Amino acid sequence: MDMTMIANYTGTPLDAPHPAAIGIQKVVLDPLQIDCVTATMLSILDNQCKLDLEEQLAWMAIYPVVRDRGGKIFDKSAHQAIDRVREQDDPMMKARVHELCEYAEQHIPKPVMQHFKRFLAESLHGFRGDAESNASWH
């Protein structure tokens, strides 16, 4: 899969907002949950994400909606690294994204991330249309 194509994705056809981006606006997230979104974005950009393309696109639509709400473990420099990797092919920033991805794995317990993905899938239930497709979020 060409991660450059995914990383540079900026909208749906006709630039309509992704349904997940609309749905997340109503969801209250705590700072660690914001970090889970950031960590998933880092994982996508680091080519380590196990989600399918449609799910990655949904997470990439969610990220810009919640990134400025304030996380617990990531500061503005993490978001700047994400922005830079999405804008240009910069090996130094790719390495930084990889470091941040590893940092997230060390500081966000796996059960917390799994719980958040279930919570998010339930909060956005219906954006993909059926319960079976939403089950792949966890």
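Modeller: What follows begins with the whole chain, turns to one pair of helices, and then moves on to the salt bridges beyond them.

This is a predicted model, in which local features need pLDDT of at least 70 and side-chain atom pairs count only at pLDDT 80 or more, while totals for chains, interfaces and linings use all residues. Residues are numbered from 1 along each chain as its sequence is written, and side-chain values use heavy atoms, with hydrogens and water left out.

The protein has eight helices and zero strands, where helices (H or I, at least four residues) and strands (E, at least two) are DSSP runs numbered from the N terminus. Of its 138 residues, 44% are buried; buried means under 20% relative accessible area, exposed means over 50%, and partly exposed lies in between, using a 1.4 Å probe and protein chains only.

Two packed helices are described by the angle between their axes and the distance between the axes. Helix H3, residues 31-45, packs against helix H4, residues 53-66, at an angle of about 130 degrees, and their axes are 9 Å apart. Such axes are lines fitted to C-alpha atoms, for helices over the stretch in contact, and the angles run from 0 to 180 degrees between N-to-C directions. H3 and H4 are therefore oblique to each other, given that angles under 35 degrees count as roughly parallel, over 145 as roughly antiparallel, 65 to 115 as roughly perpendicular, and the rest as oblique. H3 passes H4 in a left-handed crossing, a name used if the near helix is turned anticlockwise from the far one by less than a right angle, whereas clockwise makes it right-handed.

On the H3 side, the contact is made by Ile34, Cys36, Val37, Thr38, Thr40, Met41 and Ile44, and on the H4 side by Gln56, Trp59, Met60, Ile62, Tyr63 and Val66, where contact means heavy atoms within 4.5 Å. Sorted by class, the contact of H3 with H4 has ten nonpolar, three polar and no charged residues; Ala, Val, Leu, Ile, Met, Phe, Trp, Tyr, Cys and Pro count as nonpolar, Asp, Glu, Lys and Arg as charged, and the others, Gly among them, as polar.

His79 is found in helix H5 and is buried, with a relative accessible area of 8%.

Side chains of opposite charge can pair when their charged atoms come close. A salt bridge is a side-chain nitrogen of Lys or Arg within 4 Å of a carboxyl oxygen of Asp or Glu, and the whole structure has five of them. Arg67, buried at 18% relative accessibility, forms a salt bridge with Asp83, the closest N and O atoms being 2.7 Å apart. This pair links distant parts of the chain, with Asp83 in helix H5 (residues 76-87) and Arg67 in the loop between H4 and H5, 16 residues apart. Asp83 counts as partly exposed at 25% relative accessibility. Arg67 also forms a salt bridge with Asp68, where the closest N and O atoms are 3.6 Å apart, and Asp68 is exposed at a relative accessible area of 67%.
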